[in-house]
Amino acid sequence: MTSTMFEKIALVGIGLIGSSLARVIHREGLAGHVAISTRSETTLARARELGLGSSYAMDAKEAVGDADLVIVSVPVGSSGEVAEEIAPALKQGAILTDVGSTKASVIAQMQPHVPAGVHFIPGHPLAGTEKSGPDAGFAELFENRWCIFTPLPGTDPAALEKLSEFWRRCGSNIDTMDPQHHDMTLAIVSHLPHIIAYNIVGTADDLESVTKSEVIKYSASGFRDFTRLAASDPTMWRDVCLHNKDAILEMLARFSEDLASLQRAIRWSDGEKLFDLFTRTRAVRRSIIEAGQDIDVPDFGRQAVEHPAKG
Ligand SMILES: NC(=O)c1ccc[n+]([C@@H]2O[C@H](COP(=O)([O-])OP(=O)(O)OC[C@H]3O[C@@H](n4cnc5c(N)ncnc54)[C@H](O)[C@@H]3O)[C@@H](O)[C@H]2O)c1
Ligand SMILES: O=C(O)C(=O)C[C@]1(C(=O)O)C=C[C@@H](O)C=C1
């Protein structure tokens with residue numbers, strides 16, 4: 001059953017995340033009006049061609065005027081300038097949220113611009129792909145995925161509950177945590193994997209000149225999985241690295257220590273140590289699958305989910 005939750009929702013930024021939101025809002029009938037704004041004329045024209053909204057504006061202030069819910073879905077490094085731009089046009093009582101992959105930096109950038117009487121609730125859907133732009137989105141993206149809020153002290157519980165209900169209607173499960181904890185957790189489960197993927201694919205690309213295309217010709221599925229992550233949007237991931245610097249550097253230091261220990265085990269033919277580590281990590285993968293967190297979405301080019309019992 002569908003029922004309208006907001007008279008008007010404004011989506012600022014209409015790439016993978018913004019356009020997925022537009023699609024699920026439409027499918028679930030969550031808004032009477034969806035106003036779309038983005039920085040690039042070409043992207044806005046494409047959003048119009050795709051029929052993602054009810055109105056389209058290059059001027060974000062025009063889009064957010066009268067909106068009950070404003071969702072900012074731009075690279076995290078641009079969240080401050082967007083907040084500054086839209087602040088004067090925000091309606092009293094409106095909920096303002098974002099979807100940025102880092103939280104402390106987004107809060108530091110946006111909060112100073114948020115007018116009194118507007119409920120600013122930072123958020124982050126843990127759902128995405130390596131693709132970007134309005135064509136890449138799909139309504140099912142958020143299904144059975146976590147959406148984490150990092151509410152500020154004094155957040156209105158009713159506004160938080162309304163936003164939580166919105167994300168539940170988009171298919172997500174809700175959790176809340178403080179921004180520092182979010183940034184540390186995401187550094188290990190999301191940011192480091194991307195950095196490692198960028199690095200290994202970069203190394204292989206450097207070797208390419210030596211191996212004369214064998215890297216591409218013989219790339220096995222393990223390497224191909226890395227190339228999917230390493231194909232992710234350069235602007236988005238540059239911003240994530242620059243805006244979660246401390247947590248990423250801390251996790252990279254831990255990672256480098258553990259890698260050195262693994263290197264040592266290989267050098268000294270310490271088979272027991274290798275076997276123990278690989279057994280422990282296999283159990284982690286099984287726990288993720290058993291928790292239902294490894295759900296493939298069509299068109300990701302991902303491998304089929306393996307059955308936990310297969311060993
Ligand atoms: N891609 C993912 O897997 C994923 C997952 C969860 C959260 N996020 C976060 O969501 C946000 C958007 O990511 P995406 O994947 O949708 O990116 P995207 O590149 O697909 O889309 C970004 C959109 O922002 C617009 N934009 C850029 N700068 C702008 C500005 N200054 N003013 C207005 N619009 C501007 C672009 O025109 C585009 O419409 C990022 O903060 C990212 O960290 C991404
Ligand atoms: O699956 C992917 O392709 C993603 O990169 C999604 C992913 C992730 O690391 O899980 C990437 C960044 C986000 O902030 C949230 C989700």
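How many nonpolar, polar and charged residues make up the shell around ligand 1? In this predicted model, the shell holds 11 nonpolar, 13 polar and 2 charged residues. In total, 26 residues surround the ligand, and the closest are L16, I17, V74, S101 and G133. Three elements each contribute at least two residues to this shell: helix α1 (16-28), helix α4 (79-86) and strand β7 (123-125).

Oxygen atoms of ligand 1 take part in polar contacts with both side-chain and backbone atoms of the protein. The side chain of T38 places an N or O atom 2.9 Å from a ligand oxygen. On the backbone side, an N or O atom of G133 lies 2.8 Å from an oxygen of the ligand, and a polar backbone atom of T129 is 3.5 Å from a ligand oxygen. Taken on its own, ligand 1 has 830 Å² of accessible area, and the protein covers 90% of that.

Helix α1 also has a part in a charged pair. Side chains of opposite charge can pair when their charged atoms come close. Here R27 forms a salt bridge with E143, with 3.5 Å between the closest N and O atoms. R27 belongs to helix α1, whereas E143 sits in the loop between β7 and β8 (146-149), so the bridge ties together parts that are 116 residues apart in sequence. The model has 12 salt bridges, counted with a cut-off of 4 Å between the side-chain nitrogen and the carboxyl oxygen.

The next element to follow is helix α7, which runs over residues 179-211 and has 33 residues. At its start, a side-chain oxygen of D178 comes within 3.1 Å of the backbone nitrogen of Q180. Further along, α7 has a kink of about 55 degrees, centred on A187. From its first C-alpha to its last, α7 reaches 45 Å, close to the 48 Å expected at 1.5 Å a residue. Just after α7 comes K212, which takes a positive phi of about 50 degrees.

Technical notes. Residues are numbered from 1 along each chain as its sequence is written. Chains are lettered from A and ligands numbered from 1 in the order in which they are written. This is a predicted model: local features need pLDDT of at least 70, side-chain atom pairs count only at pLDDT 80 or more; totals for chains, interfaces and linings use all residues. Side-chain values use heavy atoms; hydrogens and water are left out. A residue is near a molecule or strand if one of its heavy atoms lies within 4 Å of it. A polar contact is a pair of N or O atoms within 3.5 Å; within protein, one must be able to donate a hydrogen and the other to accept it, and residues adjacent in sequence count only if both atoms are side-chain atoms. Accessible areas come from the Shrake-Rupley method with a 1.4 Å probe; for residues, only the protein chains shown count as cover. Helices (H or I, at least four residues) and strands (E, at least two) are DSSP runs, numbered from the N terminus. Ala, Val, Leu, Ile, Met, Phe, Trp, Tyr, Cys and Pro count as nonpolar, Asp, Glu, Lys and Arg as charged, and the others, Gly among them, as polar. The expected span of a helix is 1.5 Å times one less than its number of residues. The bend at a residue is the angle between axes fitted to the seven residues ending there and the seven starting there.
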